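Please look over the sequence and the model shown below before reading on. The briefing that follows is grouped by topic.

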Amino acid sequence: MAVRNLRCRECGSEYPLEALYVCERCFGPLEVTYDHDHLLSDGGAPDVEGLRRRIQAGPQNIWRYADFLPLVGGPPGPSGRLASRVGLPAGCTPLIRADRLAKRLGLREVWVKNDAANPTHSFKDRVVSVATARARELGFDVIACASTGNLANSVAAHGAALGLESFIFIPADLEEQKILATGVYGCKLVAVKGTYDDVNRLCTELSAERDWAFVNVNLRPYYAEGSKTLAYEIAEQLGWKLPDRCVVPTASGSLFTKIAKGFAEWRELGLVKGELPKMNGAQAQGCAPIADAFAAGHEVCRPVKPDTIAKSLAIGNPADGPYALEEARRSGGSIDSVSDEEIREGIALLAQTTGVFTETAGGVTTAVLAKLARRGDIDPDERVVLVITGEGLKTLDAVRDTFTAHEIEPSVEQFQTLVEQAPDPSRSVAALAAVGG
Ligand SMILES: *Cc1c(COP(=O)(O)O)cnc(C)c1O
Ligand SMILES: [Zn+2]
């Protein structure tokens with residue numbers, strides 16, 4: 001068995017693999033630890049080729065990385081190992097070489113990891129697949145979450161796929177598309193009048209009283225591990241190589257730190273070689289507690305009240321903020337923030353140079369990449385991966401009124417006069433030049 005126990009990130013106290021998330025001694029967060037001895041050859045060295053073959057022979061989803069995920073296997077039969085692999089398989093999303101985007105930004109090699117290509121169109125399906133599988137191993141019948149939007153979609157869908165009841169808590173002012181794409185799965189949807197941080201506090205209280213699996217509260221140590229699969233996939237898709245830099249959207253900081261952890265684990269085992277990537281976090285200026293702390297050179301101090309179109313990243317009190325800061329500094333990266341206007345331009349820049357339509361979080365990420373390029377932070381020889389975590393159709397308001405259609409009668413004459421001879425009404429291209437530098 002690869003998975004060993006839960007350990008406090010602060011004081012190192014160890015705990016059994018139960019629905020626990022906070023250290024009783026020091027209130028630090030708990031993290032899953034592993035024992036990878038069974039992956040080593042008799043001599044104690046990693047059998048790298050054997051390990052790669054084992055991964056490549058696995059299913060075309062995140063369970064090909066099962067050796068690095070926190071499932072214990074469970075008893076045989078319907079609730080056992082195989083049953084934990086059904087549901088809504090996530091992962092194995094495209095890694096696309098984005099030469100036109102790179103050229104626009106004056107870079108040599110940029111790749112887009114398009115995690116909108118998951119079952120509910122965001123990277124959250126990775127973390128929810130792992131958390132719900134573990135919830136079933138632990139015998140829970142009800143799953144729940146505090147969500148900024150995408151988690152709501154994913155938990156509701158996984159509940160439906162596995163026949164588990166689900167309670168979904170969201171801030172009441174969420175985008176309509178995200179609310180509709182949650183309720184459709186037949187969950188109990190609770191719109192809380194408050195910010196995400198209020199929703200999260202409510203769920204923390206409820207998790208102490210209800211015997212439910214709150215995927216990002218009492219199951220958070222397992223949930224968070226799902227994000228490592230993004231790093232594994234990127235390395236595998238690059239031919240078992242590490243990128244030089246990753247640009248990652250950052251809300252609580254979990255995704256950011258776990259991508260870094262995934263690369264580090266694989267380097268430790270010898271599956272990949274070379275320097276670990278520089279990690280660049282991306283936040284919206286209207287909710288940038290981690291970026292602000294990075295700029296000021298101190299720790300994340302007090303919670304901020306979010307005011308940004310990037311609602312999926314609107315966490316004012318980021319649980320993993322200190323670890324994201326530490327990782328950005330350690331790796332030689334940074335955490336940066338961009339304005340709502342830059343977010344809109346980032347969405348357009350990605351769409352018009354790659355054909356990938358991302359939500360506001362992807363606009364944040366693309367605009368931060370443009371900012372890093374403009375600032376000269378990126379060596380022209382670097383191989384850069386832009387992590388796109390969500391789908392543009394979920395935040396349509398962000399692109400409303402950024403272009404106009406030519407409306408005509410069905411006549412060739414009108415087509416000639418009103419389209420071919422008319423000035424180009426699309427202004428978004430001019431705005432992009434400002435982002436692209
Ligand atoms: C949840 C989310 C993130 C990052 O979340 P963390 O809390 O930092 O792990 C990034 N992008 C999208 C689209 C999300 O929904
Ligand atoms: Zn502790």
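**Ligand 1 and its surroundings**

In this predicted model, 15 residues surround ligand 1, where a residue counts if one of its heavy atoms lies within 4 Å, and the closest are K124, N150, A251, S252 and T389. Local features need pLDDT of at least 70, side-chain atom pairs count only at pLDDT 80 or more, and totals for chains, interfaces and linings use all residues, while side-chain values use heavy atoms, with hydrogens and water left out. Residues are numbered from 1 along each chain as its sequence is written, and chains are lettered from A and ligands numbered from 1 in the order in which they are written.

Contacts of the ligand

- A polar side-chain atom of K124 lies 2.8 Å from an oxygen atom of ligand 1, and an N or O atom in the side chain of N150 is 2.9 Å from an oxygen atom of the ligand.
- The backbone also takes part, with a polar atom of L255 lying 2.9 Å from an oxygen atom of ligand 1.
- The protein buries 97% of the 390 Å² that ligand 1 exposes when taken alone (accessible areas by the Shrake-Rupley method with a 1.4 Å probe).
- The shell around ligand 1 comprises six nonpolar, seven polar and two charged residues, with Asp, Glu, Lys and Arg counted as charged and Gly among the polar ones.

Aromatic pairs

- Nine aromatic pairs are found in the whole structure (ring centres of Phe, Tyr or Trp, the last by its six-membered ring, within 6.5 Å).
- F167 and W212 form a stacked pair, at 4.2 Å centre to centre and with 15° between the planes (stacked denotes planes under 30 degrees apart).
- Because F167 lies in strand β7 (residues 165–171) and W212 in the loop between α6 (196–209) and β9 (213–214), the pair ties together parts that are 45 residues apart in sequence (helices, H or I, of at least four residues and strands, E, of at least two are DSSP runs, numbered from the N terminus).

Terms used: A polar contact is a pair of N or O atoms within 3.5 Å; within protein, one must be able to donate a hydrogen and the other to accept it, and residues adjacent in sequence count only if both atoms are side-chain atoms. Rings of Phe, Tyr and Trp (its six-membered ring) pair if their centres lie within 6.5 Å; planes under 30 degrees apart count as stacked, over 60 as edge-to-face and the rest as tilted.
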